[in-house]
Amino acid sequence: MRLRLVPQETSFDFFKRAKLWLGISALMMVVGFASFLFQGLNFGIDFRGGTTIRTESSETVDVGAYRDALAVHGLGDVSITEVFDPAFEEDQHVAMIRIQAQDDGEAISGEIIETLKASLDAVAPGIKFVSVESVGPKVSGELITTAIIAVALAIAAVLVYIWLRFEWQFALGAVAALVHDVVLTIGVFSELQIKFDLAIIAALLTIVGYSLNDTVVVFDRVRENLRRYKKKDLAEVLNLSINETLSRTVMTSVTTLLALISLYVLGGDVIRGFVFAMIWGVIVGTYSSVFVASTILLKLGVKRDWTKQANTTGNQFGNIDA
Amino acid sequence: MLQIDLWKRVLIWLVCAAGIMLALPNGFYTRVEQANDAAADIIAKGETPERLEVAGQWPDYLPSGLVNLGLDLRGGAHLLAEVQVGDVYEARMDALWPEVRDALRPERATVGTFRRQPGASDQIRLRLSKPDGMARALEVVRGLANPITTLTGVGANDIEVSAEGDILVVQLSEAEKIASDDRTVRQSLEIVRRRIDEVGTREPTIQRQGADRILIQVPGIGSASELKKIIGTTAQLTFNPVVGRASDADASAGVGNKVVPSLDEPGVYYIIEAAPVVTGEDLVDAQPSFDQNGQPAVTFRFNTSGARRFGDYTAENIGSPFAIVLDDEVVSAPVIQSHIPGGSGIITGNFSIEESTNLAVLLRAGALPAELVFLEERTIGPELGQDSIDAGKIATIVAFVAVLVFMGLSYGLFGLFANVALILNIALIFGMLSLIGGTLTLPGIAGIVLTVGMAVDANVLIFERIREELKAGRGPAKAIDEGYSKALSAILDANITTFITAVILFAMGSGPVRGFAITLGLGIMTSVFTAIFVTRLMIVMWFERRRPKTIEV
């Protein structure tokens, strides 16, 4: 007896409600983009400059007292959040303190950190700074540029690769799916105000890779079936290909999700945002390879005859007796 | 049909065995690390029974390469420093000024008197009292220039001399500035490296980044500020003639002089000549010691040219004070009692023993040619790193078991083959990481967990294909063969595209993100290898032995 998530033979019609799915995707993208425009991302210090301090104390975290203790130093905007994780010990109370970037291009100096620690020690005796990270605004600006270039470069490289291996319609479909995934991921981060830092860029690129992986597997089957069933119309071939690969699509997504969810639950709070991005990306990526990439391929149409060169010159023998 | 040459079989198993062997030391991390450290100590400092015993904890014949743990896992400090390359221009101009002065003096008849004007610090501006003599002045000063070789500038000189009305301007040429910047950064890098090595920490990363930046990562150090103290922002030692004393920092010093505070007497300032007689660059040795009163002090010795200049200066200036200046603060300003010929001396001040030791280290390592400005500072405590390792371990094991069980339930025997391949896969990733000395970071662990999830993808593709072929009525051998060959193009295309993104991440990312790119990239390579070769070999071997009439996948 085997565990089967997908019946042996499926014949779903994935394009029956193509317009509805495309509409939903477009709507989600608009919502995500609007959220990004109006609410903005909760940039971490990598991108905005500033300092984060992770404190650990055996006393419970009193955010108000921390704030008052730090206010005297006049460092501008200071935000304090308590961090919870099931893995923490009973008397382990962790807080994240974030201080805005100071005016000069430099990182915050060690002496300031020491005075901050002294002030906090008065509120929570024995407080430890388990990590201190400080990024000057000069570097953070460059990090944003590099990140944007990285994502753009990845998408462009992939576009070229698929164009070479398949046809341009495939490349466009795949890239549309990628853009869809990236926009939705950024949208989720802006909507939920999850901290967006360098690691999330890594997650975004992995999502790009994963979503592509899925799309390419479907497209590979489409290419094969187009050669095999020359008479079937495109929608039928696409549907057949998606159905044939459906079992694999679901299997791979489930194994990947199993791994990611265990990391999300057990991997500690430091990388939780990163893992969340990936979980979201796997779900969205799987959806988009079926409902976005394939649908766009269907709308664009594709050259069917793979054996002969296109005959664009007309009938060569047609003018002989003229 | 289902044949694999013997040499291929042997090669595949050899690769797997090599991967396991290379990965093995990581299973005994602390023990191997201690053994490696002891072995290194034996080479560096000689054998002792304890060291031999610790080194014997891990047998010689096994590989001993370990995966480096990144800062986020081991704890430590990370600094990104920008070298203020412009500082050097000023020092160069100050050094050039006496030469310009001496060259123009004999020409007083044509150029008249001249004075150095205040202005940008990377220029010398001279006002001539006889502007008609400018042509001659330019000629004389240009005679001081040295030709430099660059890739493009043929016949370029190190200084540029021009006239602005009655003012003669001397500054470094663009070509020389570029060359000087490069030298400054390389010199700074070398000095930072020497200072960190003096402290003797484990595997520091000290890299140049871009034109004028230095990335410093030192695992195991308490905090970024501790690291900054070791790097000691400058420790520039100079010996300057003293012009006079002042009581506040804004006292007018006169051109070519500067006002510096005293190190231990508050409110006391000295006016000194900006061009030093000797600098710390001429030092050959510095040691912590005690002066005749038993106070901690630092003794130093100059090299030959430094000793000669110091000797000549002290001979000519008996009775006048000179200042020992450290980082623009006067440590002491003794009056020269006699000619000091030997080129050695002692710096006394109100030092503690620790301070005098640190100062000696800093002086020995040499001064940084320019100031470092820290753009990025990160400290990760060792506890946080350990927490992350523990969490990462548990998460990886749970993820692993979940995927193993799921594959077993879904594909039965074939699932077991895939599982063996998955375990080999992880061993291969760790083996490769150890081999190339890669660094494992927290996102890197995430990369491995992601690989655990995605590594089965290639096998899933193949198994699903075999199922389809079986459904289409092919015999077991034919179905397996077709399954592999037909799934190949999808596997390659899918993994190459993911690999492209891993490469881009590696090229553009830094630190932890790069660690993620490495494990993701390695994971893709090993998972393709295990899927195409290892599981196939296992299935073929099983098939040869059993010759089943029907198979179920």
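A residue is termed buried if 20 or more other C-beta atoms lie within 10 Å of its own, exposed if 12 or fewer do, and partly exposed in between, with C-beta atoms placed from the backbone. The model is predicted, and local features therefore need pLDDT of at least 70, side-chain atom pairs count only at pLDDT 80 or more, and totals for chains, interfaces and linings use all residues. Residues are numbered from 1 along each chain as its sequence is written, while chains are lettered from A and ligands numbered from 1 in the order in which they are written.

Helices (H or I, at least four residues) and strands (E, at least two) are DSSP runs numbered from the N terminus. In chain A, helix α5 (residues 137-165) comprises 29 residues and spans 42 Å from its first C-alpha to its last, close to the expected 42 Å, a value given by 1.5 Å times one less than the number of residues. The buried residues of α5(A) include Val139(A), Leu143(A), Ala147(A), Ala150(A), Ala154(A), Val158(A) and Ile162(A). In an α-helix there are 3.6 residues a turn, so residues three or four places apart point the same way.

In chain B, strand β11 (residues 269-273) is largely enclosed by the rest of the structure, because four of its five residues are buried. Strands are taken to pair if DSSP finds at least two bridges between them; β11(B) pairs in the antiparallel sense with β9 (residues 237-246) over four bridges, and runs antiparallel to β10 (residues 257-261), to which five bridges join it. Tyr269(B) stands opposite Ala246(B) and is also the bridge partner of Pro261(B).

Gln193(A), in the loop between α6 (168-192) and β6 (195-196) of chain A, has a positive phi near 55° although it is not glycine, and counts as exposed because it has 12 C-beta neighbours inside 10 Å.
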